[in-house]
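Hello,

Here is the structure I promised to pass on to you. Please open it alongside this email, and my notes follow just below.

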Amino acid sequence: MPSSEIVSFEPANGRELFRAPIGDVDEAIARAREAFPGWASRPVANRMELVRRFANEVRAAADEFAELIAREAGKPLWEAKTEVETVINKVEISISAYMERTGQKKLDSALGGTAAVRHKPHGVMAVLGPYNFPAHLPNGHIVPALIAGNTVVFKPSEKTPAVGAMLVECFHRAGIERGVVEVLIGGPDEGKALVAHPDVDGILFTGSAQAGIAINRKCATNPGKILALEMGGNNPIVVTKTPKIEDVALIIVRSAFTTAGQRCTAARRLIVTEDMYDETVEAVKNLTMKIIVDEPFADPAPFMGCVIDNQAADQLTESFLYLLSNGGKAIRHLRRLSEDAPFVAPALIDTTAMEERPDIELFGPLLQVIKVPDLDSAIAEANDTRFGLSASLLGGSPDDFNHFWANIRAGIVNWNQPTNGASSKQPFGGLGLSGNHRPAAFYAADYCAYPVASSEIAQPRASIGIGFKDT
């Protein structure tokens with residue numbers, strides 16, 4: 001018999017953290033549908049003021065919120081605090097984005113009239129959030145959607161429901177009433193019901209490629225339902241000629257192992273030209289061995305916490321063993337650091353000799369290393385994926401980066417910077433299995449409202465100069 005509750009546990013210690021009944025999908029959508037006309041008809045300045053109040057509510061509860069994120073997601077407290085700051089900062093960025101990308105325009109038209117472009121909200125938007133950034137990533141959909149005049153039904157990941165509930169509570173404290181923002185506690189079945197519901201006008205999703213593809217298929221016969229799919233990546237970080245080996249190693253470690261590798265922009269493949277291979281791999285290995293992996297509130301503060309649960313840790317272990325048994329050469333083994341909790345040592349494995357490397361997103365602290373002859377070979381290797389989210393070049397000249405930028409398939413292309421840590425002041429999205437050309441962050445305004453063109457004049461005025469008989 002299916003459970004009537006969602007229960008979350010602290011991954012670092014297994015203690016129960018949150019328990020709540022599964023919500024009713026139809027009721028949540030009905031409330032959002034009822035609230036939509038009133039919310040959409042409010043002046044945009046009023047909606048902006050209310051989301052600013054939301055930012056203040058989050059700011060007032062910042063310590064409590066960060067502690068909850070750290071406990072439920074298993075990430076270090078310092079990182080949870082940066083996530084809360086990002087939630088707060090998202091509001092002003094979203095306001096600027098809305099004004100820049102969906103502002104009103106008026107032009108002179110014929111006969112003394114005007115031509116206008118305005119934007120309308122879609123209606124009821126379903127937001128499906130992930131567990132790795134349980135506040136920041138859904139908030140990146142919710143705030144732009146509200147500013148545009150949509151109402152929102154938000155289903156947090158069943159692995160981090162407490163953070164989702166607190167996020168929505170902050171909206172309600174700010175005066176954005178229930179119905180305008182609904183939290184729907186539930187699991188995969190509730191997510192599927194939201195996607196299929198006829199009264200949902202848009203799906204704003206962040207998660208795996210597998211789930212995103214399923215959503216895309218489900219909505220294929222309904223082109224009127226807007227889809228913004230933020231999916232994963234098999235992201236390459238490429239190293240070519242540079243003397244800055246220590247800096248390169250730090251950037252690689254940041255790219256591959258921040259958030260225990262549980263970022264869609266995390267580096268999955270380290271592609272190194274052969275003239276840089278030995279010293280780069282040695283430096284990365286030595287730095288990786290210094291990483292502190294511990295529970296969120298440990299002292300000294302860890303760089304890396306655990307992965308989300310034991311199932312994820314087991315899958316990573318199985319993936320490492322698969323690579324090892326199919327031609328991979330261990331540089332640093334992936335090890336479980338606890339029998340009971342999902343703490344995993346960051347791992348490096350050389351997969352150069354593998355005939356076929358799996359083109360999948362290994363969502364955790366597991367970095368594949370591939371040796372290539374030169375930069376062109378590195379670009380070809382980097383592009384050998386169905387994904388296309390993030391890519392970074394370390395080293396090389398400006399001409400090398402221009403060549404890299406022009407030929408790499410990714411929505412985020414960096415030079416001497418990590419693959420992760422993208423700015424919310426830029427678009428965020430990818431191609432292939434990484435997204436459906438609806439980038440988020442600063443461009444989220446684009447999928448939260450649609451443009452309406454108008455020709456307008458104060459009084460009816462018309463003439464036809466040809467094709468009529470004289471009477």
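Glu 230 is buried, because its relative accessible area of 8% falls under the 20% cut-off. Please keep in mind that this is a predicted model. The residue sits in strand 9, which covers residues 226–230. UniProt lists Glu 230 under "active site", and the entry is an unreviewed one.

What does Glu 230 touch, leaving aside residues up to four places away in sequence? Its contacts are Leu 137, His 141, Phe 205, Thr 206, Gly 207, Phe 428, Ser 434, Ala 440 and Tyr 447.

Next, a pair of helices to look at. Two packed helices are described by the angle between their axes and the distance between the axes. For helix 2 (residues 44–60) and helix 6 (residues 161–173), the axes come within 8 Å and cross at roughly 125 degrees. That angle makes helix 2 oblique to helix 6, and the crossing of the two is right-handed.

Which residues meet there? From helix 2 they are Phe 54, Glu 57 and Val 58, and from helix 6 they are Leu 167, Cys 170, Phe 171 and Arg 173. Sorted by class, this contact of helix 2 with helix 6 has five nonpolar residues, two charged ones and no polar ones.

I also noted some backbone details in the loops. Ala 260 has a phi near 55 degrees, which is a positive value in a residue other than glycine. You will find Ala 260 in the loop that runs between helix 9 (245–257) and strand 11 (267–273). Is Ala 260 buried or exposed? Ala 260 is buried, with a relative accessible area of 1%.

Asn 416 is another residue other than glycine with a positive phi, again near 55 degrees. Its loop lies between strand 16 (412–415) and strand 17 (427–428). Asn 416 is partly exposed, because its relative accessible area of 35% lies between the 20% and 50% cut-offs.

Finally, have a look at the peptide bond from Asp 299 to Pro 300: this bond is cis, with omega near 5 degrees. Pro 300 belongs to the loop between helix 10 (277–288) and helix 11 (310–325).

Notes: Residues are numbered from 1 along each chain as its sequence is written. This is a predicted model: local features need pLDDT of at least 70, side-chain atom pairs count only at pLDDT 80 or more; totals for chains, interfaces and linings use all residues. Side-chain values use heavy atoms; hydrogens and water are left out. Helices (H or I, at least four residues) and strands (E, at least two) are DSSP runs, numbered from the N terminus. Buried means under 20% relative accessible area, exposed over 50%, partly exposed in between (1.4 Å probe, protein chains only). UniProt positions are given in the numbering used here, feature names are shortened, and annotations may be inferred rather than shown by experiment. Contact means heavy atoms within 4.5 Å. Axes are lines fitted to C-alpha atoms, for helices over the stretch in contact, and angles run from 0 to 180 degrees between N-to-C directions. Angles under 35 degrees count as roughly parallel, over 145 as roughly antiparallel, 65 to 115 as roughly perpendicular and the rest as oblique. A crossing is left-handed if the near helix is turned anticlockwise from the far one by less than a right angle, and right-handed if clockwise. Ala, Val, Leu, Ile, Met, Phe, Trp, Tyr, Cys and Pro count as nonpolar, Asp, Glu, Lys and Arg as charged, and the others, Gly among them, as polar.
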